[in-house]
Amino acid sequence: MASSGLRLLQGGRASDGLPGLLLENAGEVATLAGGMRVGAHMDDPALLTAPGGDPGHEAAPAVACWEGRILAAGPRNDLVQALEGSGYPIARFARLDIEGGTITPGLIDAHTHLLFGGSRENELVLRQRGADYLEILKAGGGILSTVAATRAASESELLDHGRRWLGEMLAHGTTTVEAKSGYGLDLPTELRLLEVAHRLGKEGPIEVHPTWLGAHAVAPEFRARPDGTEAYIRHLLDEQLPGVAAQGRAKFADVFCERGVFSPAQARRVLREAARLGLQPRIHADELAPSGGAELAAELGALSADHLAVPSQAGIDALAAAAGAGHPVVAVVLPSVNWFLMHEETTPARTFVDRGIPVALATDFNPGTSPTPSLPLAMSLACLTLKLTPSEALAAVTINAAVALGIADEVGSIESGRQADLAIWNVPTHRQIPYWPGADLVRAVVKRGRVVLERAPS
Ligand code: NIG
Ligand code: FE
């Protein structure tokens, strides 16, 4: 494959005014067409490949986009003929030569704590010396130190921080993210975080889906009280949640349901009331100890149960039963967390696949347990530490991540009518995306039919 950057074959970019964009001479297009992946289907990325592995072949795969949506994907010769014959003149398309690279759906990060003040590199050294994550939190560090820094951060500082890290995500192929609040723990700061998340999404190019995570930890001003946790739950139900619902920015509600943080009973109260106000539930479940989070996610019909590093057998059974009954709760697995916390890896991701539970992968981007913006790194870790196959890992950051966010009819696959969100990789097959950990493999990114990132020729 040539090492130069993308070449424009004809016309300008879609962003220069042409309604169409044709990506051609791909070595492989992983379409992920055909809906949510579970079981053996997770290993099927619905590939289009170049005959004889020759991206210069007239039938090498191509993807056509029109006014921000996917028109079709298929062999270039057939595709061009079909376009001409159905009122899409080829002269109206900007044409990009992929030079044998791989095209996938734009990646979707279904679990991030995008917005926060400060950083916590000091805890890395504390943990090297044996300090425990929840002990650091109880001593006023951890999430609480980020809460102090975030409360002190202005809206414009949070916007700058968000732009910086969304830029990093884009450079790693991400086109859609979920972004949680949860470092304010008081109404004004939680509203500020949700507003900034919303504004960043409007600004683009990455689209942002905000989640309210007021139940991330008991706020500092409640902690000295003997009834602190209950009083904070009352504050969440009576003040934060009504304020957040009235603001209208958050789509989802999340709770850190964990032994020593919020119990399943407390999480249930918060998430039920949130659902009543129109915020769909998702749960930080069984991250550090089996805590009943997976069971609660199944009971509530949550969109996702996230982490699941140490679910109970009953929790796995509950998720499998929900999937079997046609109400799947997506297991959003976060392999960089155990790695970064220096915990032994136990997440039973293979069991989830075998039991028919849909699996997604996300970064959990946050300053405490996973300061990485890279979904390709999460894919590498999932293959190396959880034994997902590269094709399963790709399904987990595209179509299944879209299901986890309730947006699979718009994004997550390359199918006619879907939003034209694409990642173009400088490798000949998607199987090489997790194979080169830490390499910058993204060649270009397309969001809503526009080339929004293109790597300079090397
Ligand atoms: O997903 N566990 C709770 N929330 C984050 C970590 C937050 C932090 O340490 O700042 C997580 O791991
Ligand atoms: Fe998280």
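## Strand E13 and its partners

Strands E13 and E14 (residues 304–307) run parallel and are joined by four bridges. Strands are DSSP runs of at least two residues, helices (H or I) of at least four, numbered from the N terminus. Two strands pair if DSSP finds at least two bridges between them. This is a predicted model: local features need pLDDT of at least 70, side-chain atom pairs count only at pLDDT 80 or more, and totals for chains, interfaces and linings use all residues. Side-chain values use heavy atoms, without hydrogens and water; residues are numbered from 1 along each chain, while chains are lettered from A and ligands numbered from 1 as written.

Ile283 stands opposite Ala305 in E14. Val255 also faces Ile283 in E13. Strand E12 (residues 252–257) pairs with E13 in the parallel sense, over six bridges. Helix H9 (residues 264–276) carries the chain from E12 to E13 in a right-handed β-α-β crossover. Right-handed means that, with the strands pointing away from the viewer, the path from the first strand over the helix to the second runs clockwise.

## The iron site

His111 (NE2), His113 (NE2), His284 (NE2) and Asp364 (OD) coordinate the iron ion (ligand 2) at 2.1 to 2.3 Å. Donors are N, O and S atoms within 2.8 Å of the metal (3.2 Å for Na, K and Ca); water is not among the atoms, so sites may look incomplete.

Both His111 and His284 are buried, meaning under 20% relative accessible area (1.4 Å probe, protein chains only).

## Ile108

Ile108 lies in strand E9. It counts as buried because its relative accessibility is 0%.

Note on methods. Buried < 20%, exposed > 50% of the residue type's maximum accessible area, 1.4 Å probe, protein only.
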